[in-house]
Amino acid sequence: MSSIAEKLYTIRYKVDENSHLVIKDQEVCLHCTTKECQDFCPADVYHWVEKDLMTSVAFENCIECGTCRIGCPAYNIEWVYPKGGHGITYKFG
Amino acid sequence: MATERFDAVVVGGGPAGSAAAYTMAKAGLKVVLIERGEFPGAKNIFGGVIYRKQLEDIIPEFWKEAPLERQVIEQRMWILGDQSAVTLSHRNEAFKEPNNCWTGLRVKFDQWFASKAEQAGSLNIYETVVTELLRENGKVVGVRTDRDEGDLYAEVVVVADGVNSLLGKALGVHREWQPNEVSLAVKEVIAMPKEKIMDRFNLEGNEGVTTEFVGNTMGMAGLGFLYTNQDTLSFGVGVMVSDLKKKHVKPYELLEGVKQHPMLRRLLQGGETKEYAAHLIPEGGFHSIPPLSGDGWVICGDAAQLVNFVHREGTNLAMTSGRFAAEAIIEAHEHGDFSRAGLAGYDRRVRESFVHKDLKKYKGLHNFLRDSDPTLMFDKLPQALNEAAYQMLLVDGVTKSEKQRMAMRGVTEATGGLMSLIKLGARGWRAMNG
């Protein structure tokens, strides 16, 4: 049984300095009762940080599937592709 | 780049984009293919099966040079219970000649296909994101990229930017997909010695097997797969995003859970995970297909929801739509008319082909699944079927007629009575035969 950290370790990333994923309004997350982005993301990008009252975005883990773009109940995630040549590169596909 | 003008800009180096670029370049059009990854395929995954017919229509005898994995001679369908399975499969030597389909891996395959377009004369540009479509007087006239001075002008833009299709949305041809129109598939490529694969799956030489399975997806609408490659297995499971949201399940935990099923554990054990991947699959079906062309643009492949999820067909529909788009553009080029009317040959070709007709056949299925209880369809019914098979085959002194009654009762109770089962069957049949 491999952990998500081990799984993501199999993918080659070229990380951009700037996040291609942006929470449009943290206030919306604060009032979100389900916070389902914490579960449906296959790369554990999103975490609700209780002490800061905000959703943290580990964009460097993103595998560019787009689930959060469609899955966020408030469409509160601005989602674009990483800059050309950045983000993930699969070995097998 | 700014001063150059092309006949066509193709956005996306997947099967649809490469098919379009290849077909147009071969006909002598001035084509540029733009891909955001380091190379075509860098961002792409599928189950994956590559079918002969539709690629052969583009590149005859491609199998002599294309990077393919194994020739599929057997297809298995498993209905899983918790610790059990009811299975159905078909193996046939006839699938070898002519070839029906192969397993494949997209990093190698997409690079090869895009290189064919390049050899035919397409200018391929990688590591470049198309950020928007350029428009003049309502007509698409080119693309803006994230390169410096990165505007490219063309008579027509082929939008083949995949399932997320930000360009399709920017065009306004399709609204945002709903969570019940897409599935999220998570996949692992698992390395295993060739001999072990051949022994475990009863294969000789280059033969391969595909397995699809339903059930055991925590009551979510979904399908799992296990395909044999040369010295790896492609293993994954896809579930409807709307169900994933409801159940609060982490996709990779679902994947790990399915691996523990006795039918799969034995086949996978000893293998080493070489790659984890995730991708959306368009599953809206017929009613989710957007308009396919307009003034100065066409849209192909996943970006246009051209996936037949019942038959796990996608790359072949993508390739065919790319070819049709290219053929229509070649005609438009001859007539010098890239308006919506000038490009209507694309819509017509799609409408007259298996692409449209197959999706139309299953047009009711999306609503059927949307309106059905996924725990019934993807958990209770598979369980009941397994229990029925178990009871029928268990010799324990209970009479056969009593066993048959028990088996039937189990299945009807799962659906809430005989009438409900009959109605469900009838609705399902209609949904599959629209």
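Strands (E, at least two residues) and helices (H or I, at least four residues) are DSSP runs, numbered from the N terminus. This is a predicted model, in which local features need pLDDT of at least 70, side-chain atom pairs count only at pLDDT 80 or more, and totals for chains, interfaces and linings use all residues. Residues are numbered from 1 along each chain as its sequence is written, while chains are lettered from A and ligands numbered from 1 in the order in which they are written. The points below concern chain B.

**The loop between S12 and S13**
- B:Met218 is located in the loop between strands S12 and S13 of chain B.
- B:Asn216 also lies in the loop that runs between S12 (207–214) and S13 (222–228).
- Although B:Asn216 is not a glycine, its phi is positive, at about 65°.
- B:Met218, likewise not a glycine, has a positive phi of about 55°.

**Burial of the two residues**
- A residue is buried if 20 or more other C-beta atoms, placed from the backbone, lie within 10 Å of its own, exposed if 12 or fewer do, and partly exposed in between.
- B:Asn216 is buried because it has 27 C-beta neighbours inside 10 Å.
- B:Met218 has 18 other C-beta atoms within 10 Å and is therefore partly exposed.

**A cis peptide bond**
- The peptide bond from B:Glu97 to B:Pro98 is cis, and its omega is near 0°.
- B:Pro98 belongs to the loop between strand S5 (85–91) and strand S6 (101–103) of chain B.

**Domains**
- Domain bounds come from an automatic or database domain assignment.
- For chain B, this assignment gives domain 1 (5–69 + 104–177 + 287–361), domain 2 (182–282) and domain 3 (365–432).
- The centres of domain 1 and domain 3 of chain B, taken over C-alpha atoms, are separated by 42 Å.
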